[in-house]
Every structure is written in structure tokens, then in C-alpha cells.
Amino acid sequence: MNFLTRLTLAIVTSLTYIHAAEPIITNVLPRGGQVGSDLKVTISGNRLQGTEEIFFYGDGISVLDINATNDKSVKAKFRISKETELGQHELRLRTKSGISTLKTFWVGPYPNLHEEEPNTSFEEAQRITINHTINGVVKNEDVDYFEFNATKNQRISLEIEAIRLSGPLFDPYIAILDSNRFEVATSDDTDLLLQDSTLSTIIPQTGKYFIEVRESSYRGGNNFYYRLHVGTFPRPLIAFPAGGEVGKILTVNFMGDPSGPIKKNIQLPNKENLEFRYRVEQNGSIAPSPNAIRVCNFPSILEKEPNDSFKTATTTTLSLPLAFDGIIEKEKDVDYFKFYAKKGQKFNIHAHAQSISSPLDPVLNLYDDKGKSIKGSDDANNGRDSLITITIPQDGNYTLRVKDHLYAGGDRFVYRLESQPFSPKVEASIPMFGNRDTQTRQMIPIARGNKTATALNLSRKNFSGELEVIAENLPTGVTMRVPKAPSNFNSVPVVFEASKDAPLSQKLVHLKVRHTDPEKKISGEFKHNIALVYGPPNNRTYYESTLNKLSVGVTEKIPFSIILHPPSTPIVRGGSINLQVEAIRDANFTAPITLRIQTRPPGIGAKGTVSIAKDKSTAYYSLTANSGTSLGDWDIAVQGEANNGNGIQLASSQLTPITVEDPYLSIKINMAAIERGKEGEIICDLDIKRPFEGMASLSIRGLPAFATTTDQEFDANATQVIFPVKTEEKVRVGMTKNLFCFAKVPFNGKKITHTVGQGGQIRIDKPPPKPKSKPKTELVATVKKPENIKKKTLSRLEQLRLAGRGGN
């Protein structure tokens, strides 16, 4: 377990306090040093004056001296013990006003040299001796050359730290040239070191050789720093097998070194460690960077050739969980493994290749005992490696097949197939404060006599139940309060408080998360994945680091504190509440304060921020509860942020409970139709769900413009409320939807606000048309002159009929 290595130095200051503000580290130079040495470093950035402490997340580096005379620079002396682990070490510093952003520092095995300009041409190459580390910088279109002597058959290895130094997106290129400028060996990207380069070669002839270092596309700048290791060290590129069972002695062949495979017997740790790394030593020299060896709780099965078909599959009588190790040794090679599994077991079957520095692009397939395909996978999790998630359908034998996506192969095309069983997992993290920002608010500075809060996200897998958060190693005078998290809560507020006389200090705190039922034996820890290098496309992460401790420190007093007044009423589902937030200001502090709620119970809604205006002391934070909000008492906290002209100060309220209850009533708004310019009514049917005393009020919202009504009152016995509605001639004709009501129900002399009746409708109709009047016209009589019409002669029968009707 790593513990904080630190040195706190007393710095004489005036008695006035410095307002808390986050220091920022932009660089540490040199970017690394030799194990077992003392080294003078310069840390640059902003708000660094008053630095009292520089601390590391790992063991081995102590700080002998700190000289912080201005805001932009700190000079210090590091002591790197002989026991310090090689590689990357994360550091921060603490001033009287805050805890800095994170920066890295590298430890290597060899004495350090500094690049000396001019060395930008073959003729001006800087002379060096091998088994040294060169600290240099590549400026725009810059090429650095170094000259060294080597003898025939001597192994010369180069390894560069560039993108891993956590600066810009530096993609390095390195080469060894002979005196005639012919390339002996080159390297750009590597499976082992990502964009960073490494090479190792056997020198063909005794003589002078040259090293070329540049950015692969000839970019560069004043911050394109590198550390180039030059030596006779072994440089294997991959381990086989790439993993083993906990507590076992594993025989490993390290492959890729020009001298041939290097065999080592390695005692594996007694606890599962999927991030285990091993550095190869040979003839008194050691590789600067390690190789990956995954340590698992279950047995490993080595492939036995031939195993390129179902019939010749490497077979084991053991059942899952298991690991399978092999190599796709040649083009078109395919490997098969047969094993036993039990019905209902759930596994994630990973094909590890990229994750263990293999060039293999694995394709994974699972078959039943009859050779029928069950499931397959190519790329997964934004990488080349494959993943099959499976619930075993029945007891029996199964077969895994693995091959390269393009049927490529070679002696370094190593893979490791792991069947990790589904098991309960929990992890805690602090959410990002801004988009793609993994640094801001990822540390906890607490002003003396004040509080600081953060949201803590909780990630559960394969279980449910209540969780609690425990802090180990808090600074003296600091306490932490955090509510328990029910199953449906994936975030909780955490409030840290420092006493008035807490010493100015910091600690790396171990946050544990565990199930509240001890019989479950489910626990996890805090993790901070910090992106150290971004780049195109889409500003993606190229290099990152993971921390498992939270930096918590005590800073000087700040000129305000925050009080969240407990609400006098509960909030009901479908209701709202206004929380009173008060700032207690020092006499001369008048700056505006931004308020930010630190996570909310599921179903509670709120604005991202609310402001307390300059010179004011109070603001109201409005919360709403939807119909699915969890019932009960839930703690919340509000944090205040103020800019003192030199950065942001933070102060949080105490944890304050809010109570969520069922609503007292529900309402149905019946559809209404009113003629424009006339009066009408909207009838609301009430369903009183809980009794209350006194008169409640009801107001309707969403009416069209130029339609008005008045609020109505009702008691717990009411079943209906009628709103009289007046409309003007200017009101818009048509359907208006989404009417709703605010109901205010009396509670201990206060009112509980409900939002009810959503979705009501009102139709405004046109008045019926008025009857049309006929125009008056003057009647003029006309007499038609008789015409001479020849009468038809009637037949006898027609004459009789006419006479019968009385005709003439």
C-alpha cells in the first residue's frame, strides 16, 4: 500500500489570511530524475506563492527544500530513494490557499544528462555516453542528434518518454544511424508504449553511431519535453504467458529483445492484480518500462499445439472460471480451447491482446459441444480487444476459438483469454466539473472553521442494496459526513468540515464504499481516472492515469460561509419547494456568490446554479419533485463559490434533510369551451388523498392571453372546484392545451405547493354569425299582355273528366 510522502515547511508570513484559491501546476522541470539521487526541480504555474508542501501519491520521493517566492514558480529539492519504484509518480502541492492540480514526475534507472543546443544537425550531434537518460525538448521542426560509441555485437536499446510526460500530444520518432547516415534501427509508435517509441538492436560494427529524435510529423514547441533512455538494457516487448494464478511461481518468456527470449521465474502476488507489471533485469541493467502480467484468482491453461481445429482443441477437465494463454504464431493460425461450464453461470470472457501490448487484433467465438456458434466478438470497449458476455445455457463442454481479424500472426501475437465471473462490484468517483475536465474539483480544500462539499458518484454492478462511505486517514481536525445511499441512489453529497484550529495540512484519504449488510461482504474504493493528454479526433484521451486516493487539505480562513435553512414543509411528489440559502459574510466581503447543489435525490429537479447578488446575503433555491421521487428523508448540501480576484473560494452548507411525501390531492381539469368575448367556467374534479386542516388554494396556469380567472379556495371535503373564466374579444380562437394547477395546502402555518392537473384543455370558439338581412327592393307590377293562343280541341273523354272536376 502506498502512503503519502511529504514534507511540511514553515514559511514566515504575516498574520493576515490568504483567500483560498486553487493553485495550478503547469510544469515540473526537469521532468524526471534518477533513482537514488537528489535533484533540484522548478515547478511553474499560477497561484503558487505560499507553497508549504509538495506531496506524492507513491512512496520513495521526499522533499528537502521548498522556496516559493512568487505566484509563478517554486524551487524545490527532491530526494529519490533507492527503493523508489521506476516510472511515473503523481504529485500535487499545497499552499495556504488550496491544493493544486496534478502533475507527473518520472523516475528512471540511469544518470541524467541535459540536451545541449545546437544539436540540430548530424555534424553538431551532442556527444553522450550510453546508460544515461537525456532530458530534452523538441521545438517546431526541430531534430535532435546525439553521438555515442558502441562495439560490435553490443546491444543498444532506446526508450523515450514523450506523450507519457503528460504535456502536448507528442508523437515521437527515434532512430539509430551509422556514421554514413544509414538507419540501423527506427521506431515510431509501439504496442508496448503507445505513441512513445522504443527500439533495441545488436550493433553490427564497432564505431560511432548517432541517435535521431524528433516529432514524427516534425511538429514541436517549447513544451515538447522528452526523456530518452540510452543503454545496454534489455527491451523485451511482451511477456508469454501474459498472466497467471495468484500466489504461483510463473515461468515467463519475455520476447522481442534482439538477443532472444529472456526467461524469468516470477513469484506472483497473493492477491488478484490485473495491473501487475514486471521490469526485466539482465547483466546488471533494467528496462525503464515494465511488461504486463495479469494476476487472476483462477487457473491458467497454456495452449498445446496443434490446436487449430475443434478436434485438436487444447482440452481441460477444469470448469470456468479459467484463463487460456497462447500465441497466434503464423498467418491464418487459429487456436481452439475446450472446457466445461455449468448452467446459469455468468461470465465476461475477455480476449486480451492490446491490453498486454500484443499486435494481435483478436476475434473471439464461443461454440457449444456440437460446434454450434453461441456468440462472437471482434472489437469491444473502443479498442481492439474482444469481449463475450454470456450466461451458460446448460451444463456441458464448450469451445473458444481465437484468431486475428486479418489472419495475421507472429511470435509476438500473444493473447490471454480470461473468463471473469460476474461478481458484485462498487466504485466511487467525483463527477467531472466540466466537459472533458478531469482535474477541476477533484481535490478537497477546506477552509478553517468552514465546510467543503462534493458529489460522490457510486457505480454498482451485479448487486443492489444500501451503501455507506468510510474515510480513512483524514487530516487532523477534519470530519466527513455522508448519508447512506439506498439502492436507487447513484450519487450522494459528502461534506467535509475543518475545525477553527485545524492545522494547515493535507492527507491522501482512502475512501471505502461498502454494503451496509456485513454479511454481503461487498466493498470497493474511490477511483479517479485523470486524462493527462487529449487530442484529435473529438478531443479524445490519449494518455491517462488512475488514482485511488483523494487529496483532502486544510487551508486558511475565507471570508464567507453558507447556511442552508431546513425547510419548514415537506416537498410532495409533483410539488415544489423554495430553500432559503444564507451567506454569512465578513464585513468587507461583498462579492457575488454562486450556489450549486451537490447532487440530488432521484426525481428531484433543480437549476444548475443560483446566485446571491453582490452585497446580499440570501437567495432561494427552488426544488421540484416528479411523480417518481423516492419517499423519505434525504440529505442535500449547497456549495457557495466566490471569486476573490485570485481564484475561486469554496464554502458549503451543512447536510440538510428534505422530506419527500405523497401529494395531498390530485386534480382532473375537465375540458372547457367558451365563446370568445363571453364568460364561462372550468370545472376541476378533486381527489383528496390525505386529510388536511384549513383552506387550501388553487390557481390555474396556462390560459390563453386575454382569458382570466381568479384563484379558488377549497377544504379537505371538496370534490370539485369551478374557475369562472372571462375572455376578451382579443383572445385567440382555438384549442389551448397543457393547462395545470398550483395547489397550496396548509401545513403547520405554511403552505405545501403541488403541481397538479397537467394536460388540461380549453377551447375558445368563434361567436355564431349574425343573421343576414335582405336588401329592400321596390316591387313593380307588370302586366303581361295576353297572347293569341290557339285552344286545343278536347276529346269527349277529356271533356267528361273536366266536367266531373267542376270545370267549364
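How many positive and negative side chains does the protein have, and how far apart do the centres of the two sets lie? Well, there are 100 positive and 88 negative ones, with the centres 10 Å apart. Here Lys and Arg are positive, Asp and Glu negative, and His and the chain ends are left out; each charge is placed at NZ of Lys, CZ of Arg, CG of Asp or CD of Glu.

Quick caveat: this is a predicted model, where local features need pLDDT of at least 70 and side-chain atom pairs pLDDT 80 or more, while totals for chains, interfaces and linings use all residues. Numbering starts from 1 along each chain as its sequence is written, and side-chain values use heavy atoms, without hydrogens or water.

Now let's look at strand β63, residues 696–701. Five of its six residues are buried, so the rest of the structure largely encloses it; buried means under 20% relative accessible area with a 1.4 Å probe, protein chains only. β63 runs antiparallel to β65 (residues 712–714), joined by three bridges, and Ala 696 sits opposite Phe 714. Five bridges pair β63 with β67 (residues 734–747), also antiparallel, and there Leu 698 faces Ala 743. Pairing takes at least two DSSP bridges between two strands.

Terms used: Buried means under 20% relative accessible area, exposed over 50%, partly exposed in between (1.4 Å probe, protein chains only). Helices (H or I, at least four residues) and strands (E, at least two) are DSSP runs, numbered from the N terminus.
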